[in-house]
Amino acid sequence: MEKYIINGGNKLYGSVEVQSAKNSVLPMLAASVLTDDKVKILKVPNITDLKNMAKILSKLGCKVVFEGENLIIDSSSADCFEIPRELAHELRSSVFLLGSVISRFHTAKIAYPGGCDIGLRPVDLHLAGLKRLGVEIEEENGYIICKCEKLIGNEIMLDCPSVGATENLMLAAAKAEGTTVIKNAAREPEIEDLQRLLNCMGAKMRGAGTGTIIIEGVKSLHGCEFLPIPDRIEAGTFLIAAAMCGGEIELKHACAENISSLLHKLRENGCKIHLNNDKIILENHRRPTSVKSVETQPYPGFPTDLQAQITALCCICHGQSIITENLFETRFKYVPELRKMGADITVIDRNAFVRGVEKFYGATVVAHDLRGGAALVCAGLAAEGRSEVLDISHIDRGYGSFEYKLRSLGGDIVRVSI
Ligand code: UD1
């Protein structure tokens with residue numbers, strides 16, 4: 001077990017490079033199962049979600065090698081179509097493998113996935129979509145068992161624009177017979193990135209980034225080398241930390257367009273933001289003013305993965321804010337922890353009502369999930385006094401070298417074993 005010890009109050013100054021997007025890289029690992037050639041993903045983040053996904057691929061018989069910052073997957077020796085319970089439970093993205101594994105073996109067995117405990121997170125849309133492609137599905141003892149003679153393209157209408165379901169269906173349809181059209185598809189930048197990778201591998205897909213994705217199935221896919229997009233959630237977390245602590249930071253290898261909903265809110269807060277090619281510079285020297293309301297929405301709306309961090313920021317703004325979580329029902333678990341640091345928040349259903357206080361005070365708090373944990377670190381950095389953030393394994397799932405990067409900006413944060 002490890003924890004962070006943070007001595008808050010330092011302003012943040014300096015420059016950090018944004019990692020490749022976790023949510024791009026994870027489905028890309030699943031995509032590598034669709035070919036016998038090597039797939040090389042460049043500059044992958046050093047995070048446990050990725051290591052767990054690599055473990056699952058090894059279990060399937062793939063050879064996965066980390067070469068410096070790059071990851072090489074060779075699926076030519078893949079010979080197993082079962083994802084066991086202990087691995088699937090650690091990582092929700094294991095469900096993305098369903099589409100690839102069924103495409104490769106025409107059969108797949110996967111335990112119900114795990115991941116962050118932030119709500120029900122059903123997989124019904126993934127399964128309904130796969131059925132439309134000709135897959136027969138049974139559920140048995142907590143396992144989903146899929147079988148098909150072959151995958152056949154079809155029109156699929158998603159009830160809601162699920163990111164994971166859209167990606168899973170793109171993976172399943174890439175080598176299906178005929179054309180697949182996914183309607184009401186999610187429009188997240190990571191979906192466009194997956195389309196770019198699959199097209200580099202020889203797939204014929206278009207439309208990702210819009211609500212309709214058209215996939216003409218191809219007979220086979222080949223290997224490629226690919227650089228994923230920057231992680232908009234990591235970038236957003238650093239920007240929010242700087243808005244809370246004050247100072248001036250520069251993000252390198254960032255994509256402002258992909259977080260324009262956040263930049264809009266930060267400007268409302270009174271932060272100055274300058275954009276320069278792939279750099280985002282945030283400057284703030286005053287107590288921020290409240291943003292009134294933030295509502296999480298599918299892309300291009302405000303991302304649910306930055307909800308906890310922006311709430312932490314609102315806590316020390318001048319004025320009141322309402323934050324509404326529309327995607328996941330239990331994503332306010334960090335609120336009692338922020339209260340220990342002096343936050344004034346009332347949660348009613350999907351809304352957090354925040355009355356800004358002058359500052360946070362250091363306290364011992366527990367991370368319950370990835371993004372909530374990151375929000376507690378931001379609060380600790382901005383707080384007066386010493387904080388401890390426990391259970392940081394949640395944070396390690398999605399932020400590579402988090403404390404190193406924060407220290408390089410002047411944050412006083414160390415990792416300690418307990
Ligand atoms: C992905 C991201 C996650 C982000 C989320 C929303 C990855 C690895 N994870 O998760 O970081 O928070 O998008 O942007 O990319 N739903 C159903 N049935 C389904 C699938 C989803 O009802 O079969 C619902 C969910 O309960 C939720 C909503 O759809 O309310 C959105 O979920 P979804 O977009 O699928 O999120 P994930 O792909 O799990």
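Is Ser261 buried or exposed? At 17% relative accessibility, Ser261 counts as buried, where buried means under 20% relative accessible area, exposed over 50% and partly exposed in between (1.4 Å probe, protein chains only). A word on the model before the views: this is a predicted model, in which local features need pLDDT of at least 70 and side-chain atom pairs count only at pLDDT 80 or more, while totals for chains, interfaces and linings use all residues. Residues are numbered from 1 along each chain as its sequence is written, and side-chain values use heavy atoms, with hydrogens and water left out.

**View 1. Helix H9 and its cover.** Ser261 lies in helix H9, which spans residues 260–268. Helices (H or I, at least four residues) and strands (E, at least two) are DSSP runs, numbered from the N terminus. Besides Ser261, the buried residues of H9 are Leu262, Leu263, Lys265 and Leu266. Their cover includes helix H8 (232–245), strand E16 (272–276), strand E17 (279–284), strand E18 (292–295) and helix H10 (307–315). Not counting residues up to four places away in sequence, Ser261 touches Pro300, Gly301, Phe302 and Pro303, a contact being heavy atoms within 4.5 Å. After H9 comes Gly270, with a positive phi near 105°.

**View 2. Thr304 and its polar partners.** Look for Thr304 in the loop between E18 and H10. Thr304 has a relative accessible area of 9%, so this residue is buried. Setting aside neighbours within four places in sequence, Thr304 is in contact with Thr296, Glu325, Leu327, Phe328 and Arg331. The side chain of Thr304 makes a polar contact of 3.0 Å with the side chain of Glu325 and another, at 2.6 Å, with the side chain of Arg331. Here a polar contact is a pair of N or O atoms within 3.5 Å; within protein, one must be able to donate a hydrogen and the other to accept it, and residues adjacent in sequence count only if both atoms are side-chain atoms.

**View 3. Two nonpolar cores.** A nonpolar core is a set of buried Ala, Val, Leu, Ile, Met, Phe, Trp, Tyr and Cys residues joined through side-chain atoms within 4.5 Å. The largest one has 75 residues, and those with the most contacts inside it are Leu57, Leu97, Met170, Leu197 and Leu198. Apart from it lies another core, of 72 residues, including Ile280, Ile310, Tyr334 and Ile413. Zoom in on Leu198 and, leaving aside its neighbours within four places in sequence, you will find contacts with Ala31, Leu34, Met170, Leu171, Ala203, Met205 and Leu221.

View 4. The chain is divided into domain 1 (2–19 + 230–417) and domain 2 (22–226), with bounds that come from an automatic or database domain assignment. Taken over C-alpha atoms, the domain centres are 30 Å apart. At the interface, 24 residues of domain 1 are in contact with 20 residues of domain 2. The two domains bury about 1800 Å² between them, 49% of it on carbon and sulfur atoms. Buried area is the accessible area (1.4 Å probe) that two parts lose on being put together, summed over both. Tyr299, Phe328 and Arg397 supply 32% of the area that domain 1 buries against domain 2, more than any other three residues. Across this interface the rule finds 7 residue pairs in polar contact (both at pLDDT 80 or more) and 3 salt bridges.

**View 5. Salt bridges.** The structure holds 22 salt bridges, each a side-chain nitrogen of Lys or Arg within 4 Å of a carboxyl oxygen of Asp or Glu. Arg415 lies in strand E24 (residues 412–417) and Glu2 in strand E1 (residues 2–7), so the pair ties together parts that are 413 residues apart in sequence. Arg415 is partly exposed, with a relative accessible area of 29%, and Glu2 is partly exposed as well, at 31%. Asp49 forms a salt bridge with Lys22, the closest N and O atoms being 3.5 Å apart.
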